[in-house]
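Try each one before you read its solution.

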Amino acid sequence: MCRASVLSGLSILLMCSAGPALAHAAEQGFVLLLPTQAYAIGGTMTVAASIVLVTCLPIDILERFFRPVTLPHTLALRGVAAGSSWVGTGVFLGLIWIGWAGPTDPQENLLPLTLWTVWWIALFVVQGLVMDIWRWVNPWTGPASLLARRAPPLRLPERWQAWPAVLIFVLFQCFILADIAPSDPPRLAAFAFGYWVFTLAGMSLCGADRWGRQVECFTVLFQLIGTLRPVHLWHRAKAGAPGWFSLSSGPLDSSHAVFCLVILASGSFDGLHETFWWLAKLGINPLEFPGRSAVIWPSTIGLIGANLALVAVFAFSIWIGVRALAALGKSPPLPFGLAFNTFAISILPIALGYHFSHYLVSFMVQIQYVLIALGDPLGRGVTLFGLADLRVTTGFLNTADTVKVIWLTQAFAVVFSHVLSVLMAHHMASKFCRSNKDMLLLQVGLSVLMIFYTIFGLWLLAAPRGA
Amino acid sequence: MSNGKTQINRRTALKGLGAGTLAASGVLPGSLGFAQAQSSAPIKIGFQKHATGIGAAYGRWYDATTTAAVARINDMGGINGRPVEIVTEDDGTDPKRGAEVLEKFATQHNCDVAFGTLFSHVVIGSAPRAGELKLPYFVVSEGHHVASGMLNRYTLQPGITDVKSQVKSMAPFVGDNLGKKVTMIYPDFAFGHDHRDFFSEAIEAQGGEVVAKIAIPPTETSFTRYFPNIPRETEVVYHVMVGPGVLTFVKELGEFFGPSRPEIFGFIDSLEAVSINSPGLEFLEGTYFWEGNPRHAQANQTEFDKAYREAVGVDEMGASTADAKDVSTYAHMFGCWETLNIIKAGMESADYQGPGDRAKLIEAVEAMTDMPESMDHPQGPKRFNGKTHQTFGVQYISKVENGKLVVQHTASIEDGMYEDEVDYTTQSF
């Protein structure tokens, strides 16, 4: 079906003369002029070197690297968090209303601008680097504290773990990647409001805590990403190297382990499905992209395929390590499930690094639209704080120097996140193994995977895009 | 639900015109001009904007030009005394979504007309729906599809010339000044094929010859291997590469030829929104370009071009006055300004009162012919062909001299004319 529609689309296109050059072609043009192959080799060698280096280091160095220090103050602000969640709820519902009743142009409407730029890009990164902002702004904690007072009538089975959240997250990614108009304000308002009501209903029936841990996919997502933060203030305030808290969270249950992989796979596919390479596979001319409507099924199937593929490849790399350890090592053999559920944690920094680098350019453009829309939230022609008089520019994408700086920043995020991942994986391996050789054996598959994923990530950054 | 913002507001007035202009006019919004209208309900124009998708860079500039044009129209009293309101919907540069957007304009927002689409495949995907909805659809696309007869009587392109006419009008200058033996290098899809076919026909009519046609696969990102196919006797290389590979193309072409190169002629489409002075484009010095509208202000700049730049917010280099590095899509966006003025003229000529007069509006526009260069038409004079629904205009040929595009020749309206391929006026509404 999708092949037929692509062909019919192409035959229509063949009858016409096409439009002019692509959006942001200048930025991509400059990227193509950069020595990205040299940068990619450098980045990959950095990751490879970190793998070698970490095996030579005495294990207690990593132990010390990831050990947190206790901070003098603790925070017990549960009540305040519920209160601020009411503010978050109010803002969310206000945005929904703006989606229904505000400007029709998605570049002027605060609903798509806030959800896709401020929440999906910025909050995600802040959550993983700075603070547990989701706890404060999510639109459920407040209302759920009212609605879910009594013992919940239904009980979610423990054995479901967080699999419902995994499924809902994949559906969400389908919406982002394959839906024909995810930024259309009324359409987005309907989806977002519907999900909000669904979640509130679920929390009322099954308990807010339970639902938030097993079904509400963003709470699960942000909790996982949030484990990467250097500073954690709840209960006992501690600070350490990024990822220290993730390490102490392991092993995960299999649903959370798979969730880590799904975050990375979905983000990777988001990058992949815009490339010339992918479009060529679909038989689509990248210079004449027919629009999202022409690729709904390929994008959906590709997304699901990418998730299955990464889970399979990761499982295989763990399995190789477990078998190598059993066959050639002296440490006690490790069950595959335990290894899978533990090492999946090391995927988290790569997922965060990818998210940052994939969305950086888009953020730099879209945040300008956000600021302007804040100056005129209802599209009535006012200008608050003079913001609405600002003008969007993409001049920084038009200049070789700034494009280079941006690209290198993105590449650095990819490389750094892989190096952190290597360190975390090695630390986890040390818990299972008695010797350096055994740690090498256990991670042999994972190390190869990390090197290939570095190459893939840097290739994605340099690859020309047509969609 | 109608969500378009009214155009009489401080923000768009400041964005679109200098604040001084508004103060000097002495007209307060909402007073005199509109109070005397028979109906002061706004005229609603649905702007089908490429806000997202591959056309987003153009969408932004089309939006800025549209806003400025409407601010000027409303400042002058609107259309038939009624203010103009722009209702913007994002078509995602997607043909299917474009058709949905037209539906929204017609049924949800109660727009009088729709306008503004650029990318050809979106026009082609949307126009049938416009016909079904009986919604006048003024496209700003450069595509030959309107004049080819492929579309319908509700679709018009009165504000921007089409690629067939542009290419044809280049041939006399190229043949007389640059050379008669031409090698064409183009991307191997519809856009490139149109250039290949239209220009071959036109240069042969001038006594010239296309000695080689080098079709580059659209996915190609390195071009050096194709250049040895350029015959030795080539006098002019005609190139229309588009996409992310353009900078690489120019750089590699320069490396291939070195200091002794044939004449080189290209279309500014390759470099819209890209600064001519970008690193990698040094080889373009001394080469020629078709320009829809000269990006760099010329020595003989008209008062119209000057005022138009000020209204839209671009400087004399065609970049944003807010950021000199933010180069605009100057060769295309004038189409929005001129099209909106034509809609105004058509509505006034037809004494347009409401959707019941849409057919009258189309007939009024079909009756238009010559439009002189003016504040309504700052790009240059136009001649509209009511039968084919396509306008013809002057075309500019510029040479890159010391990093500036300097107009060498202005092709006349007649240079670009071709035989009618359709007569939409014989079709019923």
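This is a predicted model: local features need pLDDT of at least 70, side-chain atom pairs count only at pLDDT 80 or more; totals for chains, interfaces and linings use all residues.

**Exercise 1.** Work out the strand order of the open sheet in chain B, and find its edge strands.

*Solution.* Start with the order: three strands run β14-β15-β16 in chain B, and they pair in the antiparallel sense. Now look for strands that pair on one side only: those are β14 (370–371) and β16 (390–393) of chain B, the edges of the sheet. Next, zoom in on β15 (residues 382–385) of chain B, which is joined to β16(B) by four bridges. To see a partner pair, pick Arg383(B): across in β16(B), its bridge partner is Phe392(B).

**Exercise 2.** Describe how helices α19 and α21 of chain A lie against each other.

*Solution.* First take the axes: those of α19 (residues 400–432) and α21 (residues 444–462) of chain A come within 10 Å and cross at roughly 170°. Angles over 145 degrees count as roughly antiparallel, so α19(A) is roughly antiparallel to α21(A). Then look at who meets whom: α19(A) brings residues including Trp407(A), Val414(A) and His418(A), while α21(A) brings Met450(A), Tyr453(A) and Leu461(A), among others. Finally, sort the contact by class: 11 nonpolar, five polar and no charged residues.

**Exercise 3.** Which element gives the most to the side of chain A that touches chain B?

*Solution.* Begin with the totals: 59 residues of chain A are in contact with 73 of chain B. The elements giving two or more residues to chain A's side are α1 (2–14), α2 (25–33) and α15 (276–281) of chain A. Of these, α2(A) gives the most, with seven residues. By class, that side of chain A has 31 nonpolar, 20 polar and eight charged residues.

Definitions and conventions:
Residues are numbered from 1 along each chain as its sequence is written. Chains are lettered from A and ligands numbered from 1 in the order in which they are written. Two strands pair if DSSP finds at least two bridges between them. Two residues are in contact if their C-beta atoms, placed from the backbone, lie within 7 Å. Ala, Val, Leu, Ile, Met, Phe, Trp, Tyr, Cys and Pro count as nonpolar, Asp, Glu, Lys and Arg as charged, and the others, Gly among them, as polar. Axes are lines fitted to C-alpha atoms, for helices over the stretch in contact, and angles run from 0 to 180 degrees between N-to-C directions. Angles under 35 degrees count as roughly parallel, over 145 as roughly antiparallel, 65 to 115 as roughly perpendicular and the rest as oblique.
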